[in-house]
Amino acid sequence: MLNETTDILSSKPVKSGDTVDRRFSVAPMMDWTTSDYRVFARTLTKNTLLYTEMVTSGALLKGNNPERFLRYDDCEHPIALQLGGSNAKDLGQCAAMAEKFGYDEVNLNVGCPSDRVQNSLIGACLMAHPDKVKDAMKAMQDACSIPVTIKHRIGLDEQQDYSVVRDFVGDVATTGVKTFIVHARNAILQGLSPKENREIPPLKYHFVHQLKEDFPDLEIIINGGIKTIEECQTQLLKVDGVMIGREAYHNPWLLSQVDQAIYGNAPLVTDRYQALEAFVPYVEEQLARGERLLHLTRHILGIFQGEPGGKQFRRCLSENGHKADANVNVLLEAIDLVKHHQHKG
């Protein structure tokens with residue numbers, strides 16, 4: 001069994017109010033940055049800004065149960081809602097919903113390159129339609145008082161000139177938007193999958209650094225390929241914030257370093273067991289509501305990445321978590337396996 005410890009998740013969340021500290025954030029990732037993942041992230045870091053998965057304006061305005069896309073646990077603050085869409089009126093309504101539900105920020109996705117969203121004029125393809133982006137930014141700002149931000153790429157397809165992203169940012173900034181989250185790769189709209197779009201187009205961090213020089217009054221956040229706290233600290237010498245995606249999911253222990261290394265605060269936890277112990281009551285609560293264990297534990301498979309016993313932990317959860325009657329004891333058994341492996345070593 002786990003040792004008793006203070007309930008990390010019950011500590012007062014960081015409510016951002018009028019300003020959001022974006023020095024470090026976890027990127028919105030479809031199927032990954034669910035509420036369950038974000039609650040687990042909060043066992044590791046109090047200060048990190050967390051983003052939802054992208055939610056389309058259609059899902060919120062035309063779906064039967066829009067609240068299911070907007071619900072989150074209070075511990076998740078500071079939290080931003082990312083929207084996908086291109087209709088200014090619809091996005092304005094969704095921004096108002098974000099504020100009503102207590103989000104600290106609302107963000108427009110102008111970076112996703114998938115075919116599915118392109119067909120609805122969502123994501124990266126909007127970079128070719130700056131007037132639509134500006135209309136959306138104006139409508140969203142008019143509809144709410146929380147910060148409205150944008151996440152985009154440095155260009156589309158074969159566009160190689162820095163002037164592409166410079167002119168886009170300069171144009172959109174005329175709407176009053178102050179925060180630009182820049183994935184430092186082009187989006188290839190035809191011929192590459194979303195996964196390939198995160199890996200094949202070359203990273204051009206210098207483009208993002210130049211944006212900060214050219215627009216010193218804007219908040220420029222860099223995203224793409226960053227994997228360590230040391231890299232974050234280096235980037236923060238040139239930009240206002242760093243957003244990490246896949247590494248924060250596959251290697252969540254990285255988040256435990258953020259509060260101290262980036263924000264100068266005491267770390268929430270000093271070992272992985274403390275984080276898992278804080279997550280157990282949430283798991284029990286969700287199981288009691290009918291959630292399946294697999295849906296909860298899939299987000300924590302990487303917590304022992306690179307550690308003795310990590311493989312046994314993942315195997316135990318993967319082989320047993322999917323069973324219909326799987327309960328919290330499967331998680332506790334997986335944790336005990338790691339302890340046994342580490343003590344034996």
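Q: Two strands count as paired if DSSP finds at least two bridges between them. With that in mind, which residue in β7 does His152 stand opposite?
A: In this predicted model, His152 stands opposite Val182 of β7. The strands concerned are β5, residues 148-152, and β7, which pair in the parallel sense over three bridges.

Q: What other strand pairs with β7, and over how many bridges?
A: Strand β9, residues 219-223, pairs with β7 in the parallel sense, over five bridges. Within that pairing, Phe180 stands opposite Ile220 of β9.

Q: Is β7 mostly covered or mostly open?
A: Strand β7 spans residues 179-183 and is mostly covered, with five of its five residues buried.

Q: Which way do its side chains point?
A: Thr179, Ile181 and His183 point one way from β7, while Phe180 and Val182 point the other way. Residues of both groups are buried. In a regular strand, side chains alternate between the two faces of the sheet.

Q: Now the core. How many residues are in the largest nonpolar one, and which have the most contacts inside it?
A: The largest nonpolar core has 99 residues. Those with the most contacts inside it are Phe24, Val106, Met137, Met140, Ile150, Phe180 and Phe313. Helix α13, residues 272-288, provides the largest share of this core, namely eight residues.

Q: And a second core: what does it include?
A: A second, separate core has eight residues, among them Val20, Leu49, Tyr51 and Ala80.

Q: Back to Phe313. What does it touch, neighbours within four places in sequence aside?
A: With those neighbours left out, Phe313 is in contact with Leu276, Ile300, Leu301, Ile303, Phe304, Leu331, Ala334, Ile335 and Val338.

Q: Phe304 has a ring partner, Tyr273. Why is that pair tilted?
A: The ring centres of Tyr273 and Phe304 are 5.7 Å apart and the planes lie at 50°, so the pair counts as tilted. A stacked pair would need planes under 30 degrees apart, and an edge-to-face pair over 60.

Q: Where do the two residues sit in the chain?
A: Tyr273 is in helix α13, and Phe304 is in the loop between α14 (293-297) and α15 (310-320). The pair links distant parts of the chain, 31 residues apart. Both Tyr273 and Phe304 are buried.

Q: What sits over the ring of Tyr273?
A: The charged end of Lys339 sits over that ring, 5.0 Å from its centre.

Q: How many aromatic pairs are there by this rule?
A: The count comes to eight aromatic pairs. Ring pairs also link Trp32, Tyr37 and Tyr249 into a cluster.

Q: Changing topic: is Arg68 buried or exposed?
A: Arg68 has a relative accessibility of 52%, so it counts as exposed. Arg68 is found in helix α3, residues 67-70.

Q: Lastly, what pLDDT does the chain average?
A: The protein chain averages a pLDDT of 93, and 94% of the residues score at least 70. Over residues 1-6 the pLDDT is below 50, and this stretch has 12 contacts in the model beyond near neighbours in sequence.

Methods:
Residues are numbered from 1 along each chain as its sequence is written. This is a predicted model: local features need pLDDT of at least 70, side-chain atom pairs count only at pLDDT 80 or more; totals for chains, interfaces and linings use all residues. Side-chain values use heavy atoms; hydrogens and water are left out. A nonpolar core is a set of buried Ala, Val, Leu, Ile, Met, Phe, Trp, Tyr and Cys residues joined through side-chain atoms within 4.5 Å. Buried means under 20% relative accessible area, exposed over 50%, partly exposed in between (1.4 Å probe, protein chains only). Helices (H or I, at least four residues) and strands (E, at least two) are DSSP runs, numbered from the N terminus. Contact means heavy atoms within 4.5 Å. Rings of Phe, Tyr and Trp (its six-membered ring) pair if their centres lie within 6.5 Å; planes under 30 degrees apart count as stacked, over 60 as edge-to-face and the rest as tilted. A charge sits over a ring if NZ of Lys or CZ of Arg is within 6 Å of the ring centre and within 35 degrees of the ring normal. pLDDT is the predictor's confidence in each residue, from 0 to 100.
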